[in-house]
Amino acid sequence: LEEKKLNKTDIRDNLTSTDTDKALSAKQGKLLDEKKLNKTDVKDNLKSPETDKPLSAKQGKVLKTLLD
């Protein structure tokens, strides 16, 4: 393998870049990791009283069917 040095100008320290050939900074990677959705937070029922948790797509479809 040919060794290549990564230049600072090739590192993106934002989450809005559309560059697919540039590296994401560790700082932004950490930010993404901290904000990611935990699968255990997704509610797959219509009886949960938690208003700060997302509803599964499966249950969204059930609701849509009930409303149509």
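Me: Which side chains meet in a salt bridge at 3.8 Å, N to O?

Reply: Keep in mind that this is a predicted model. The general idea is that side chains of opposite charge can pair when their charged atoms come close. Here, the side chains of Asp44 and Lys58 form such a salt bridge, with 3.8 Å from N to O. This pair links distant parts of the chain, since Asp44 sits in the loop between H1 and H2 while Lys58 belongs to helix H2, 14 residues apart.

Me: Is Lys58 buried or exposed?

Reply: Lys58 has 54% relative accessibility and therefore counts as exposed, the cut-off being over 50%.

Me: Which side chain does a polar contact of 2.7 Å join to Asp44?

Reply: That of Ser56: the side chains of Ser56 and Asp44 are joined at 2.7 Å. Ser56 lies in the loop between helix H1 (26–35) and helix H2 (57–67). A polar atom of the Ser56 side chain also lies 3.1 Å from the backbone nitrogen of Gln59.

Me: Why does Ser56 count as buried?

Reply: Buried means under 20% relative accessible area. Ser56 counts as buried because its relative accessibility is 11%.

Me: Leaving aside neighbours within four places in sequence, which residues is Ser56 in contact with?

Reply: With that exclusion, Ser56 touches Val42, Lys43 and Asp44. Lys43 has a salt bridge of its own, to Glu50, where the closest N and O atoms are 3.0 Å apart. Lys43 is buried, at a relative accessible area of 19%, whereas Glu50 is partly exposed at 36%.

Me: How many salt bridges does a search of the whole structure find?

Reply: The search finds 9. One of them pairs Asp13 with Lys27, with 3.6 Å between the closest N and O atoms. Asp13 is in the loop between strand S1 (11–12) and strand S2 (23–24), and Lys27 is in helix H1, so this pair ties together parts that are 14 residues apart in sequence.

Me: What is the relative accessibility of Asp13, and how does it count?

Reply: Asp13 is at 40% and counts as partly exposed. For Lys27, the relative accessibility is 57%, so Lys27 counts as exposed.

Terms used: Residues numbered from 1 in each chain as written. Predicted model: local features only at pLDDT ≥ 70, side-chain atom pairs only at ≥ 80, totals over all residues. Heavy atoms only, no water. Helix = DSSP H or I, 4+ residues; strand = E, 2+ residues; numbered from the N terminus. Buried < 20%, exposed > 50% of the residue type's maximum accessible area, 1.4 Å probe, protein only. Polar contact = N/O pair within 3.5 Å; in protein donor to acceptor, adjacent residues only side chain to side chain. Contact = heavy atoms within 4.5 Å. Salt bridge = Lys/Arg side-chain N within 4 Å of Asp/Glu carboxyl O.
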